Amino acid sequence: MVSRVIPVDPFDLVIFGATGDLARRKILPGLYRRFCDGQMPPEARIIGAARTEQDSAAFAAQVAEAVETFLPPGKRDAEGLRAFQERLSYVAVDATGEAGWTELKEAMRDDVVQAFYFSVAPSLFGALAERLHKFGIARSDARIVVEKPFGRDLKSARELNATLAAHFDETQIYRIDHYLGKETVQNLMAVRFGNTLFEPLWNAQYVDHVQITVAEEVGVGGRGAYYDRSGAMRDMVQNPLMQLLCLTAMEPPAHFEPSAVRDEKLKVIRALDPVAPEHIVRGQYRGGADPSYLEDVENDESLTESFIAMKLHIANWRWNGTPFYLRTGKRMKARKSEIVVHFKKTPHSIFDADAGSRSNVLSIRLQPDEGIDLRVTIKEPGPGGMRLIDVPLDMSFADALGPEAADVPDAYERLIMDVIRGNQTLFMRGDEVEAAWAWTDPIIQDWQRRADRPVPYAAGGTGPEEAAILMHRDDRRWREI
Ligand code: NAP
């Protein structure tokens, strides 16, 4: 299979926070990969910006070091790197001061796409936006990219949105969550809306339940203090899991274009029922030989959860009666993210009682190996009579489409190119973010009011026993992690 890389228009991309962790690990190596794939036109330029005083050559050396550190050898080459370095320049600016802004204006061109990546703490967004206008740098068609977290509750999200709205129109703002840049997230929409096979069955009449899991092997070590103020609900449920839920449950948009897709996602969030406390399990990992959650965050009294499982109900015609189970945790048995649609059992088995009723399961894997798998029932081959087995109709990209297809762009790479193309479909709109917080806030406030204590679970396992019970009560089971 030949991959089709469509070059984007010439652009100036300014990365504020270019010396920071995210820029080094994801943004700059991702841009380098897009450059090597031929997606950047020769006129594309990337301008690093941060307070650190250094020249463009020092920044280019830093980028080379980041590429070598964070990309595997098969994904980099010396010649490509040298050519990429020629696209780079650097300006020292202080978001809260006056230094560097005139130089930044002089470094920018009038006749190319203009984008500003705010890879800095959200507390600096207002200062950056203000100076981009005060110094006449940002045009009215400039795009800005902001990173999650989008606030920590409804109030702070509204404040953040208001700060951005004071300087930029909503059509200019790209709120990024890298989960939405994954190939399979887009494939979920292709599977649903590009086939006649699934959509007629995609409702409470045929779907028994849906499970969405984002399990991580790592703990919170290294960013414990940040995580302890946040927790799994804010860090994972409020955004990525909620977005995956929306894409799974939304009505077909009239067109695959940003406002149509985002309108439909918003309706799902607004249709969510409040969750009863007995439908939520919060956990904290215990370490065994390794540090426990409490040790990782250096806070013996912490009531923050590193695991959450919950049962949700979407109160609309399509989904009434079909529960959605969400689960996410740190220090789990494996790193695994998937959306799994469990269809209902056949209403009656024409085969003997041993064969039992069967159900189809469609799983959409986001990581580790992106792909889609549909389990169907067939007759077990051989002379043993009519014995039924479930087998996968597996479509891992590598197997089905050739090895290049597995080499899909990293989520960040894809999303940054979408910014340059001006396509907001995979980015969150302000009202979506606020609606998600409006649903999340009462749950968190209830825990705080009751001083709810997370239950322990063993690191390296599948989460607390209580999460398994949440499923058993409904005569269901979690998928293996
Ligand atoms: P970081 O490592 O602390 O980097 C912050 C960057 O901001 C540095 O380049 C710093 O450079 C620059 N900076 C700080 N104060 C500044 C000022 N007054 N003016 C101009 N530049 C300033 O943070 P990060 O981890 O890269 O995170 C950046 C953003 O992405 C945050 O909003 C974070 O929540 C979000 N995020 C990060 C990750 C991740 O994996 N790291 C994941 C998701 C979201 P100087 O010191 O040279 O100024």
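A: Both Trp101 and Phe135 are buried, where buried means under 20% relative accessible area, exposed means over 50% and partly exposed lies in between, with a 1.4 Å probe and only the protein chains counted. This is a predicted model, in which local features need pLDDT of at least 70 and side-chain atom pairs count only at pLDDT 80 or more, while totals for chains, interfaces and linings use all residues. Residues are numbered from 1 along each chain as its sequence is written, and side-chain values use heavy atoms, with hydrogens and water left out.

The structure holds 16 aromatic pairs; rings of Phe, Tyr and Trp (for Trp, its six-membered ring) pair if their centres lie within 6.5 Å, and planes under 30 degrees apart count as stacked, over 60 as edge-to-face and the rest as tilted. One of these pairs is that of Trp101 and Phe135, which is stacked because the ring centres are 6.1 Å apart and the planes stand at 15°. Trp101 belongs to helix H4 (residues 101-107), whereas Phe135 sits in the loop between helix H5 (125-134) and strand S5 (143-147), so the pair ties together parts that are 34 residues apart in sequence. Helices (H or I, at least four residues) and strands (E, at least two) are DSSP runs, numbered from the N terminus. The pair of Phe118 and Phe125 is tilted, because its ring centres lie 5.7 Å apart and its planes meet at 55°. Phe118 is buried, with a relative accessible area of 0%, and Phe125 counts as buried at 1%. Taken together, Phe16, Trp101, Phe116, Phe118, Phe125 and Phe135 form one aromatic cluster.

Aromatic rings can also be read together with charged groups. Arg282 lies over the face of Trp447, at 4.1 Å from the ring centre, and the charged end of Lys182 sits over the ring of Tyr179, 6.0 Å from its centre; a charge sits over a ring if NZ of Lys or CZ of Arg is within 6 Å of the ring centre and within 35 degrees of the ring normal. Trp447 itself is in helix H15 (residues 430-450) and is buried, with a relative accessible area of 7%.

From the rings we can turn to the ligand. The ligand is surrounded by 21 residues, and the closest are Thr19, Asp21, Arg25, Thr52 and Val120; a residue is near a molecule if one of its heavy atoms lies within 4 Å of it. This shell divides into ten nonpolar, five polar and six charged residues, where Ala, Val, Leu, Ile, Met, Phe, Trp, Tyr, Cys and Pro count as nonpolar, Asp, Glu, Lys and Arg as charged, and the others, Gly among them, as polar. Helix H1 (residues 21-36) gives the most to the shell, with three residues. Polar contacts are pairs of N or O atoms within 3.5 Å; within protein, one atom must be able to donate a hydrogen and the other to accept it, and residues adjacent in sequence count only if both atoms are side-chain atoms. A polar side-chain atom of Thr52 lies 2.4 Å from an oxygen atom of the ligand, a backbone N or O atom of Gly20 lies 2.9 Å from an oxygen atom of the ligand, and a nitrogen atom of the ligand is 3.0 Å from an N or O atom in the side chain of Asp94. Taken alone the ligand exposes 880 Å², and the protein buries 72% of that, with accessible areas computed by the Shrake-Rupley method with a 1.4 Å probe; for residues, only the protein chains shown count as cover.

Thr322, in the loop between strand S9 (307-312) and strand S10 (324-329), is buried at a relative accessible area of 1%, and a polar atom of its side chain lies 2.9 Å from the backbone oxygen of Val207. Lys148 and Pro149 are joined by a cis peptide bond with omega of about 5°, and Pro149 is placed in the loop between S5 and helix H6 (154-165).
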